[in-house]
Amino acid sequence: MELKQFRYFKAVAEELHFQRAARRLNLSQPALSHQIKNIEEEVGTTLLDRDRRGVALTPAGALLLERATAILEAADKALSDVRALAGAEPQSLRVGFVDYLNLDIIVQSIARLRQSHPDIDVQQTELPTAEIWPGLVERTIDVGFGVVPVIGDNLIAKTVARGQWLIVVPNDHPFVDYETLPLSHLDGEPLIFFEEALNPALHASWMTRFDEAEISPNIVFETKQVQTGLNMARDRTGAYLVASYIVEPLPDGLTGIPVGGFDNSIEIAAAWRGDDGVDSLKFYLKILRELSG
């Protein structure tokens, strides 16, 4: 197997979602599926179990993920050691983002940076919401992506995406008759909601919003896995309340209706330290501005 095949498999094994993995790799989903099929044929066994509910690692897949990670880390270290021996100053860029974000601009910007500056070691880190902006202040990451507001001294921010809250339901659900669903219609409605640990402040703000609207939410399940929420909405366990940027484009059979009755706008920003002038950051921000306009 080639190193790029290990990278393809590692992305799918970590995401457990072909579409997100394809975006992360800057590939089309059919091309990535074909690559994984070739890898399974080469090793002679099934590495991923796929069904309508999602993707899961087989025991062989879990073992390959462990070994592939070690191989890729060793390859990266070898390259770094050679550069150090040659006297080349290594460049790096540490990019942190909220683990549930599903934004093309993150994948595309990193892919462009790697293509234009292959000497830069780009390190991607998924972090809880509460650790994104502190990570910039504490200098554990160089660029962070998260939900506005951006909080921290000496941070510069640029909005890179906008979204809104949706109720996701099957195409034949009564809610699809609404262009905008009144918030009051969620009173008593079985809801699939995001897990509180993903964003405690945002979760609390929704509970306050329900209280102020005198709504008693019937939250039947809280999840940190987007695919789980979509599957449960499809199976009519409940209506899935979720941010649009996480689930779009929606899979066939599901419709997302914006929720009305409050300021239903969400902004995602990239942020960085104002005193950070390293070249790798400058190169990356130039690409980011070109993509975001």
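The legends below describe close-up views of one predicted model.

Residues are numbered from 1 along each chain as its sequence is written, and side-chain values use heavy atoms, with hydrogens and water left out. Because the model is predicted, local features need pLDDT of at least 70 and side-chain atom pairs count only at pLDDT 80 or more, while totals for chains, interfaces and linings use all residues.

**View 1**
Helix H3 covers residues 29-43; here helices (H or I, at least four residues) and strands (E, at least two) are DSSP runs, numbered from the N terminus. At 1.5 Å a residue, the 15 residues of H3 should span 21 Å, and the C-alpha atoms at its ends are 21 Å apart, which agrees; the expected span is 1.5 Å times one less than the number of residues. Leu32, Ile36, Ile39 and Glu40 are the buried residues of H3, where buried means under 20% relative accessible area, exposed over 50%, and partly exposed in between, with a 1.4 Å probe and protein chains only. Seen down the axis of H3, these buried residues fall within an arc of 100°, so they line one face of the helix; the arc is that of the directions from the helix axis to the C-beta atoms. Pro30 and Glu41 are exposed on the other side of H3, and just after the helix Gly44 takes a positive phi of about 80°.

**View 2**
Six strands form an open sheet in the order S8-S12-S7-S11-S9-S10, with mixed pairing; two strands pair if DSSP finds at least two bridges between them. The edge strands are S8 (181-182) and S10, each of which pairs on one side only. S8 and S12 run parallel and are joined by two bridges, and Pro182 stands opposite Gly260 in S12. Helix H7 packs on this sheet, touching S7 (165-170), S9 (190-194), S10 and S11 (239-243), and its direction makes about 150° with that of S9. Contact means heavy atoms within 4.5 Å, and axes are lines fitted to C-alpha atoms, for helices over the stretch in contact, with angles running from 0 to 180 degrees between N-to-C directions.

**View 1. The surroundings of Asn264.**
Asn264 is placed in the loop between S12 and strand S13 (266-273), and at 12% relative accessibility it counts as buried. Its side chain reaches the backbone nitrogen of Trp165 at 2.6 Å, and a polar atom of the side chain of Asn264 lies 2.7 Å from the backbone oxygen of Val259. Not counting residues up to four places away in sequence, Asn264 touches Gly163, Gln164, Trp165, Pro258 and Val259.

Val148 and Pro149 are joined by a cis peptide bond with omega of about 15°, and Pro149 is found in the loop between strand S5 (143-147) and strand S6 (155-163). The peptide bond from Glu248 to Pro249 is also cis, with omega near 0°, and Pro249 lies in the loop between helix H9 (244-247) and strand S12 (254-260).

Leu16, a residue other than glycine, has a positive phi near 50°; Leu16 is found in the loop between helix H1 (3-15) and helix H2 (18-25) and is partly exposed, with a relative accessible area of 32%. Glu214 has a positive phi of about 55° although it is not a glycine. Its place is in the loop between helix H7 (200-212) and strand S10 (218-223), where Glu214 is exposed, with a relative accessible area of 71%.

Notes: Polar contact = N/O pair within 3.5 Å; in protein donor to acceptor, adjacent residues only side chain to side chain.
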